[in-house]
Amino acid sequence: MKVQLPVHKNEQRTGTVTDLTYEGNGVVKVDHYPIFIPNALPGEAIEYVVTKVTKNFAWGRVLAWQSKSPDRVDLADQRYLQTGIAPLGHLAYPAQLRFKQKLIQDLLQKAHLDLAVSPTMGMAKPYQYRNKAQVPVKLVKGQLQTGFYRRGSHQLVPIEDFYIQDPVIDQTILVVRDALRKFKLTPYDEKTGKGIIRTVMVRRGYYSHEVMVVLITKTQHLPYAKELTATIKKQVPELKSLVQNINSKPTNKLLGDENRLLWGQATIEDRLLGIDFKISPLSFYQVNPQQTERLYQTAIDQAGLDGRQTVIDAYCGIGTISLAVAKHAKQVYGVEIVPAAIEDAKQNAALNGITNAKFVVGKAEEQMAKWQKAGLKPDVLIVDPPRKGLAESLITAAGQMAPKKIIYVSCNPATLVRDLQRFVEQGYHVTKPIQPVDQFPQTTHVESVTVLERTQND
Ligand SMILES: C[S@@+](CC[C@H](N)C(=O)[O-])C[C@H]1O[C@@H](n2cnc3c(N)ncnc32)[C@H](O)[C@@H]1O
C-alpha cells in the first residue's frame with residue numbers, strides 16, 4: 001500500500017523552524033512529519049522547497065526568510081556552511097554553547113534520567129583554534145587548488161582562509177600551494193589514478209610554534225623535491241619538519257605508512273597540561289589544545305587525586321590524560337588499541353621522566369577483564385572512548401573492579417546517556433552536573449565530563 005506523505009518533492013511551502021538537529025539542520029514539522037532544512041534556525045519563519053522525500057522525513061532548502069532568529073550571525077563566507085567547516089557558523093557563539101548543553105539535556109530527558117547539565121565551557125576566541133589542517137589538492141578549472149570538499153562529495157571548493165584553523169597554518173598552505181603550482185606538480189585524480197599530490201597536512205604547536213608540513217603523494221617519486229623544499233623553507237620561518245608521506249593505494253584513508261624526511265626533524269614538539277609531546281606525521285594529537293587542556297583538567301580535578309590512588313585510563317591514546325594524572329597518582333595504567341599510540345605514550349612518558357605510568361596495547365574491554373582477574377583494584381577509572389562509547393563488557397568489568405570513581409569523558413552524548421544507564425545497573429550514580437566543554441566551536445561536536453561514584457560500598 002502506498003503511504004500518503006504530507007509533502008512532495010519540489011513543493012514550495014512556508015513554515016516555522018522548531019528545532020535544530022544534532023547535525024545543525026533546522027526542523028520544520030508538517031503533521032509531525034519532520035523536514036530537515038540546512039541554514040535554518042529555531043524560531044525563523046521561512047519559505048522553503050522540498051528537495052528530497054523519504055518515508056520518515058524529508059529535506060528542504062530555504063528560499064527566503066520571513067523572519068530571522070536573533071541568534072543568527074551573518075557568516076561572511078557561505079562556503080564554511082557548504083563544506084561543513086563550520087556547520088554552526090550561522091549561529092551566535094553563546095547560542096552554540098546553549099545548543100550543546102540542550103542536546104545532552106534532551107537525550108537525558110528521553111532516557112528518563114533526571115540529571116543536571118552545566119552550561120558549556122566555551123572559548124574566548126571560538127575560531128582559529130585548530131592546530132592541524134588536512135586539505136585535499138585538486139585540479140579545479142585547470143588550476144591546482146587547495147580547499148575543502150563540498151559536504152557529502154569529493155568536489156573541491158577552493159578556500160584560503162579556513163576560519164577555524166591557526167592562521168599561520170592557512171598561510172603555510174598557501175605557500176605550499178603556490179610552490180606546487182610553480183613546479184607544475186599535478187594533483188592526484190581519483191578517477192584516472194594519475195597525478196602526484198593527494199593532500200597537504202600542516203601542524204603547528206600551540207605553545208612551541210613549531211611547524212610540520214606533510215606532502216601526501218600518490219607516487220614514490222616527488223619531482224622537484226629539492227626546489228620545493230627550498231621554497232617552502234624560505235617562506236615558512238617556523239618550519240621544523242618537512243615530510244613526504246606516500247599513500248599509493250586507491251583509498252579514502254588519508255595517510256600511507258611510509259614517511260620520507262625531506263628536511264629538518266622527523267617530529268615536532270608541543271605541550272599539553274605541562275607535559276611535552278613529540279608529534280610525528282602519523283601521531284594522533286588533539287586538535288584544539290586550549291580546550292583539550294580544559295576538558296582533561298576538568299576530568300583530572302573531578303578525580304580528586306592526592307598521590308595515593310591507582311588510576312586506569314582506558315582508551316588512553318597517546319597518554320595525554322595518563323601522563324597528566326601520573327603527577328597526582330601512585331600508579332597509572334593506560335590501555336589503547338592502536339600500537340603506534342602506545343609507542344608514543346611510552347616515549348612521551350620517558351621524555352617527561354614519568355615512571356609510574358604503564359601502557360598496554362589492547363582492547364580496553366578485554367584488558368579491563370584481564371586486570372580484574374589479576375586482582376588490580378583501581379581507585380579511579382577514567383574512560384575517553386570513541387564515538388561508539390563503551391563496550392558492555394567493559395562496564396561489567398568496571399562494576400566488578402568497583403573503583404570508587406569513574407570519570408567519563410565523552411565525545412558523543414547519545415552513547416554517553418546509554419552507558420550512564422548501564423553504569424546505574426552496576427551500582428554507580430552521577431554525583432555532579434555533567435560538564436560540556438566546547439572542543440570544536442562552530443561545529444556540532446559535543447564533548448563532556450561526567451563523574452560517577454559507587455552507590456553502595458561493598
Ligand atoms: C577519544 S580518543 C582518546 C584520546 C586520548 N585520551 C588521548 O588524549 O590521546 C579514543 C581512543 O580510543 C581508542 N580505541 C578505540 N577503540 C578501542 C578499544 N576497543 N579499546 C581501546 N582503545 C580503543 C582509539 O584509538 C582512540 O585513541
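This is a predicted model: local features need pLDDT of at least 70, side-chain atom pairs count only at pLDDT 80 or more; totals for chains, interfaces and linings use all residues.
Me: Why is Cys411 called partly exposed?

Reply: Buried requires 20 or more other C-beta atoms within 10 Å, and exposed requires 12 or fewer. Cys411 has 18 such neighbours, and therefore counts as partly exposed. The residue is placed in the loop between strand S20 (405-410) and helix H10 (413-425).

Me: What does UniProt list for Cys411, and which residues does Cys411 touch?

Reply: An unreviewed UniProt entry lists Cys411 under "active site". Leaving aside residues up to four places away in sequence, Cys411 touches Arg387, His445 and Glu447. Contact here requires C-beta atoms within 7 Å.

Me: How do you know that the span of helix H5 is close to the expected one?

Reply: The expected span is 1.5 Å times one less than the number of residues. Helix H5 (residues 289-303) has 15 residues, for which 21 Å is expected, and its reach from first C-alpha to last is 21 Å. Among its buried residues are Leu295, Tyr296, Ile300 and Ala303. Gly304 follows H5 and has a positive phi, near 60 degrees.

Me: What makes strands S1 and S2 the edge strands?

Reply: The open sheet has six strands in the order S1-S5-S6-S4-S3-S2, with mixed pairing. Strand S1 (12-16) and strand S2 (19-20) each pair on one side only, and are the edge strands.

Me: How do you know that S2 and S3 pair?

Reply: Pairing requires at least two bridges found by DSSP. S2 and S3 have two, in the antiparallel sense. Asp19 has Val27 in S3 as its bridge partner. The hairpin of S2 and S3 has five residues between the strands, and Gly24 takes a positive phi near 90 degrees.

Me: What joins S3 to S4?

Reply: Five bridges join strand S3 (residues 26-30) to strand S4 (residues 33-37), and the two run antiparallel. Val30 stands opposite Tyr33, and Lys29 opposite Pro34. Two residues lie between S3 and S4 in their hairpin, where Asp31 in the turn has a positive phi of about 50 degrees.

Terms used. Residues are numbered from 1 along each chain as its sequence is written. Helices (H or I, at least four residues) and strands (E, at least two) are DSSP runs, numbered from the N terminus. UniProt positions are given in the numbering used here, feature names are shortened, and annotations may be inferred rather than shown by experiment. Two residues are in contact if their C-beta atoms, placed from the backbone, lie within 7 Å.
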